[in-house]
Structure formats: C-alpha cells, structure tokens
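Please open the structure in your viewer and keep the selection panel at hand. This tour says what to select at each stop and what is there.

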Amino acid sequence: MVDHARARRLAKRIGQIVASAIEHEIKDPRLKNVTITDTRLTGDLRDATVYYTVLGETVDAEPDMAAAAAALESARGLLRSKVGAGTGVRFTPTLTFVPDHVPESARHIDELLAKARAADAELARRATNAKPAGDPDPYRKPIDADETDEADAR
C-alpha cells in the first residue's frame with residue numbers, strides 16, 4: 001500500500017538534506033551554483049529523483065551543466081549517506097539526479113508572451129482609424145407606431 005502523503009513528506013525532506021549538504025558540506029567548486037528544485041520519490045520509497053538547475057557565474061553566462069552533473073554523480077554516495085542519516089528510514093533511497101529544464105521553459109514562455117504583446121500592439125495600432133464594415137448600429141430596433149402608420153399608408 002502506497003502512502004502518497006508520506007512519500008511527499010520524505011521527498012521534501014530528502015531535497016532539503018541534499019540542498020543543505022551541497023551548500024555546506026561538499027566542497028566541490030562545480031556545485032557552487034547548483035540549486036535543488038524538486039524531489040520525487042517512488043511509491044515504495046526506494047528511488048528518489050532529485051531535480052536540479054545550474055546558474056551561470058553571471059546573468060548572461062551559460063551554466064556548466066556537464067561539470068555539475070559529473071560533480072553530483074561523484075558525490076552521490078556521500079549524499080545518500082547524508083539522506084540515510086537525516087531521514088531515519090529503514091531503506092535509504094537511491095538518488096538519481098536529473099537536470100530541471102524550468103529556466104529554459106520560462107525563457108520560452110517569456111518569448112511567446114513578448115510576441116503576443118507585439119501582435120496586440122500592432123492590432124491596436126491598426127484599429128485606431130478603423131470604421132465598421134456595415135451599419136454603425138447593426139442591432140434591430142423596435143418599430144415605432146408612427147413608422148407603421150407611414151408603411152400602411154403606402
């Protein structure tokens with residue numbers, strides 16, 4: 001029987017332990033800009049997938065994903081032992097590190113929103129001097145009694 005609430009709590013705790021160990025205990029300079037974004041745990045609590053992102057040295061610098069992946073791979077055993085000591089579960093889950101593509105997705109969404117704003121601005125610019133194609137008031141109006149008398153007289 002799978003306890004999803006327990007798996008979520010344990011996954012959150014594993015993410016906190018791994019992030020803390022990367023920040024304070026592991027002295028590898030390749031892990032300096034690594035951020036743990038999410039952790040998922042299987043239902044049987046045997047395998048944990050840790051998602052991470054790597055920031056560049058500057059805003060415009062490209063992050064070194066390969067070096068960060070190699071550093072996480074070499075620190076996997078130490079991180080697993082830290083997780084085992086910090087969680088107190090009977091079986092310490094194996095750790096799998098997967099790069100998180102959230103920053104790339106966010107950048108793509110920002111580009112799409114910029115295109116949509118530009119298209120809206122162009123449409124608003126074209127609509128400033130536009131006139132309706134048909135009558136200015138295309139809705140039907142009730143017929144007055146005076147108009148019906150004139151129609152009957154004809």
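The stops below go from the sheet to the helices and end in a loop.

Before starting, note that this is a predicted model, in which local features need pLDDT of at least 70 and side-chain atom pairs count only at pLDDT 80 or more, while totals for chains, interfaces and linings use all residues. Residues are numbered from 1 along each chain as its sequence is written, and side-chain values use heavy atoms, with hydrogens and water left out.

Select residues 34-41, 47-54 and 94-99, which are strand 1, strand 2 and strand 3; strands here are DSSP runs of E with at least two residues, and helices are runs of H or I with at least four, both numbered from the N terminus. These strands form an open sheet with the order 1-2-3 and mixed pairing, where two strands pair if DSSP finds at least two bridges between them. Strand 1 and strand 3 each have a single partner strand, so one side of each is left without a neighbour in the sheet.

Pick V34 and you will find V54 as its bridge partner in strand 2, then pick L41, which stands opposite A48. Between the two strands of this hairpin lie 5 residues, and L45 in the turn has a positive phi of about 60 degrees.

**The parallel pair.** Move on to strand 2 and strand 3, which pair in the parallel sense over 6 bridges, with F97 of strand 3 as the bridge partner of V50.

**The two helices.** Now select helix 1 (residues 4-25) and helix 3 (residues 76-87), whose axes are 9 Å apart and which pack at an angle of about 125 degrees; axes are lines fitted to C-alpha atoms, for helices over the stretch in contact, and angles run from 0 to 180 degrees between N-to-C directions. Show the side chains of the contact (heavy atoms within 4.5 Å), among them L10, I14 and I17 of helix 1 and L79 and V83 of helix 3. Turning to the sheet again, helix 1 lies across strand 1, strand 2 and strand 3, and runs at about 155 degrees to strand 1.

**The last stop.** Where does T92 lie? T92 is in the loop between helix 3 and strand 3, and is buried (under 20% relative accessible area, against over 50% for exposed and partly exposed in between, with a 1.4 Å probe and protein chains only), its own value being 18%. Leaving aside neighbours within four places in sequence, T92 is in contact with R80, V83 and G84.
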